[in-house]
Amino acid sequence: MGMVRHLTLLPTEPTAPIATSYDLLCWSRLGAAYDPGELETLVQDQRLVHYLGFYRPVEDLPLHRAEAPYWPGRGDLKPWVHEVAGWFAANEECRQDILATLRAEGPLPATALPDTCQRTWGSSGWTNNKNVQQMLWYMLQRDEVAIADPLGREKLWDLAERVYDDQPLPDPDEALAERDRRRLLSLGVARPKGPADRAEPTYVRDAGEPAVVEGVKGTWRVEPAYLEGLGDFEGRAALLSPFDRLVMDRKRLDQLFGFDYVLEMYKPKAQRIWGYYALPVLYGDRLVGKLDATAERDEGVLRVDAVHEDEPFTAEMRDAVDAEIEDLAAWLGLEVVFIAGRGGTKSRHETR
């Protein structure tokens, strides 16, 4: 729980070529002592709550829900936000039907909820025509529905009033500032501005103090309390989840660490460079490579297709990374099988 409070969140991405994103993240942070059953208990006891795509400490929930009464947003809104609000308003009948069904029968999976939308949700992506899914997403942001049980094969939805307590919501500006402060405390150094993201921004606005990073353009924000603890820092090798807080902001990765990385599970196989679910490799205070591995549970092995070295590893680095791979396999109850060798890998820019 202390780790989640430090990170402020855990991802809920279900894809699990090695392990589910949240279990893999917890293992990489805590080591072999991590027990997935402990996380499951925290979720069942609602000490961690599924909100906007992440598990979050329940005591932080009012900070995130403070924006709900002002949906779709405050201030000057972009045209696409008005389009979303228009789609939502046009499907008031579906909204009411979902609320009535949950009130009578909830909690229920999304597949059991009625789709009575008058206007279809249009998208060029994977949400195209998924009317109920989109309606629930916006109703969640409005505090009308909540995820009651996220641990099953299909998460269950219910009325927000039956899931959340009646704790009063803070002032939205104060809540926003506190979320920024906690995010910066977790990251240490972050960008003040970035792309809008209702679920979890990667920037921190005016939190902390302005800072200049030598050799990097622009002004950054830094948390002084974070810097005070760096004197005791001792690095180690770690295999990171692609959804770890450290690597969520790809632009920050490139600017601060010089690390070229994209999660390629959404790309056609022929366009992948590092693998379907490559894990960033951390060594000390540097990101030095990617691990392309898959858990083949039926065969009892952790198949390592490649260890991509951004720069040639020293013998010490190689031993430390290999030890982490062995530890990962042991935690999974599998044996390591190396399919291919290792070595340098071109960046996306060099490949083009």
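The model is predicted. The protein chain holds 13 helices and 15 strands. Its radius of gyration is 22 Å, close to the 20 Å that the globule rule gives for 352 residues, so the chain is as compact as a globular protein of that length.

**Overall fold**

- Along the principal axes, the C-alpha atoms of the protein chain fill a box of roughly 65 × 50 × 45 Å.
- Buried residues make up 48% of the 352 residues in the chain.
- Take the contacts in the chain with a separation of 6 or more: 60% of them join residues 24 or more positions apart.

**Helix H2**

- H2 spans residues 21–30.
- Eight of its ten residues are buried, and H2 is mostly covered.
- The buried residues of H2 are Ser21, Tyr22, Asp23, Leu24, Leu25, Cys26, Trp27 and Ser28.

**H2 against H12**

- H2 packs on helix H12 (residues 315–332) at an angle of about 130°.
- The two axes are 11 Å apart.
- Angles of 65 to 115 degrees count as roughly perpendicular and those over 145 as roughly antiparallel; H2 and H12 are therefore oblique to each other.
- The crossing of H2 past H12 is right-handed.
- On the H2 side, the contact uses Asp23, Leu24 and Trp27.
- On the H12 side, Glu324, Asp327, Leu328 and Trp331 meet them.
- By class, the residues of this contact of H2 with H12 are four nonpolar, no polar and three charged.

**Helix H7**

- H7 runs over residues 131–141.
- Nine of its eleven residues are buried, so H7 is largely enclosed by the rest of the structure.
- The buried residues of H7 are Asn131, Val132, Gln134, Met135, Leu136, Tyr138, Met139, Leu140 and Gln141.
- The cover over these buried residues includes both helices and strands: helix H5 (79–90), helix H6 (92–105), strand S2 (48–51), strand S5 (145–149) and strand S6 (156–159).

**H5 against H7**

- The axes of H5 and H7 come within 11 Å and cross at roughly 110°.
- The range from 65 to 115 degrees counts as roughly perpendicular; H5 and H7 are therefore roughly perpendicular to each other.
- H5 brings Val84, Trp87 and Phe88 to the contact.
- H7 brings Asn131, Gln134, Met135, Tyr138 and Met139.
- This contact of H5 with H7 has six nonpolar, two polar and no charged residues.

**Phenylalanine 259**

- Phenylalanine 259 sits in the loop between helix H11 (250–257) and strand S11 (279–283).
- The relative accessible area of phenylalanine 259 is 1%. Under 20% counts as buried, so phenylalanine 259 is buried.
- Leaving aside residues up to four places away in sequence, phenylalanine 259 touches Leu253, Asp254, Pro280, Leu287, Val288, Gly289, Lys290 and Asp310.
- Phenylalanine 259 and isoleucine 273 are 14 residues apart in sequence. Their C-alpha atoms are 14 Å apart in space.

Notes. Residues numbered from 1 in each chain as written. Predicted model: local features only at pLDDT ≥ 70, side-chain atom pairs only at ≥ 80, totals over all residues. Heavy atoms only, no water. Axes fitted to C-alpha atoms, helices over the stretch in contact; angles between N-to-C directions. Helix = DSSP H or I, 4+ residues; strand = E, 2+ residues; numbered from the N terminus. Parallel < 35°, antiparallel > 145°, perpendicular 65-115°, else oblique. Left-handed = near helix turned anticlockwise from the far one by under 90°. Contact = heavy atoms within 4.5 Å. Nonpolar A, V, L, I, M, F, W, Y, C, P; charged D, E, K, R; others polar. Rg over C-alpha atoms; globule rule 2.2 N^0.38 Å. Buried < 20%, exposed > 50% of the residue type's maximum accessible area, 1.4 Å probe, protein only.
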